[in-house]
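Let's take a walk through the charged pairs of this model. Have the sequence and the coordinates open as you read.

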Amino acid sequence: MTTSPARSPRLLLIATVLLVLAGVILLTVPHTPSAPATSAPSRATAPASSPSATAAGGRTTQAGGSAPAPSSTTSTQSVSASSVLPPHGEGVAGDAAIQQSLEDAWPADLVADDEQRLLAAGRGLLRADATGIGRAKWPAIFGNPDQAIAPAFATARFRIQAAIARSDGSPDKAVVHLVWAGADRGGTYTDRRITDWCFARTSTKGGSTWTPQPRT
């Protein structure tokens, strides 16, 4: 009976020591960072998603920057539409579109004064050639009025629809492009006829002048 009470305090002491050792071991051994490891990828992917958002924002900005392009396209389309030739027989209403198409195809490249003189001469030459009116002004072109070829078109329905004057490969050469309409002696009316008159610049004491060249 005397040994039992002596063992009891020893057992308690041993149990206490074991518990203390277990606690020390638990405190000293590093914990496995399971939870932080799981959350780490989320922090790592956050910066990766940020550049994606920036790139997307950049594309949006570029798209916004290119937004005026449709207006440019619309402008180009409207210019092209204004240059579309009207149907045959449109009459005077279609002349402006024909003039615009000529100017779009051949941008101006002459001094304004030269261009105006050439246009006036080209129109006069075409009228003289087609209807006979004013041929005496250019004897070098039409020859003797008494031996001239009879005009092929009537004056009543003759109309110049459009005309431009441009240089012709040299500062001293030019060509006048004319689009016109008229009824021949048989009564057949045709519009959008095309005629070119070539000119050469000749120098004189008082300056220079544009001389029409004979048609070949």
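What is the relative accessible area of R201? The value is 24%, so R201 counts as partly exposed (buried is under 20%, exposed over 50%, partly exposed in between, with a 1.4 Å probe and protein chains only).

Some housekeeping before going on. This is a predicted model, where local features need pLDDT of at least 70, side-chain atom pairs count only at pLDDT 80 or more, and totals for chains, interfaces and linings use all residues. Residues are numbered from 1 along each chain as its sequence is written, and side-chain values use heavy atoms, leaving out hydrogens and water.

Back to R201: its side chain meets that of D172 in a salt bridge at 3.1 Å, N to O (a side-chain nitrogen of Lys or Arg within 4 Å of a carboxyl oxygen of Asp or Glu). R201 sits in strand β3 (residues 189–204) and D172 in the loop between β1 and β2 (173–183), so this contact ties together parts 29 residues apart in sequence. Helices (H or I, at least four residues) and strands (E, at least two) are DSSP runs, numbered from the N terminus. D172 is partly exposed too, at 39%. Both residues belong to a salt-bridge network that also takes in D114 and R117.

Six salt bridges are present in the structure. One of them joins R166 and E115 at 3.2 Å, N to O. That pair links distant parts of the chain, with R166 in strand β1 (residues 159–167) and E115 in helix α5 (residues 112–131), 51 residues apart. Both R166 and E115 are buried.

Then there's R215 with D129, whose closest N and O atoms are 2.9 Å apart. Since R215 lies in the segment after β4 (207–212) and D129 in helix α5, the pair ties together parts 86 residues apart in sequence.
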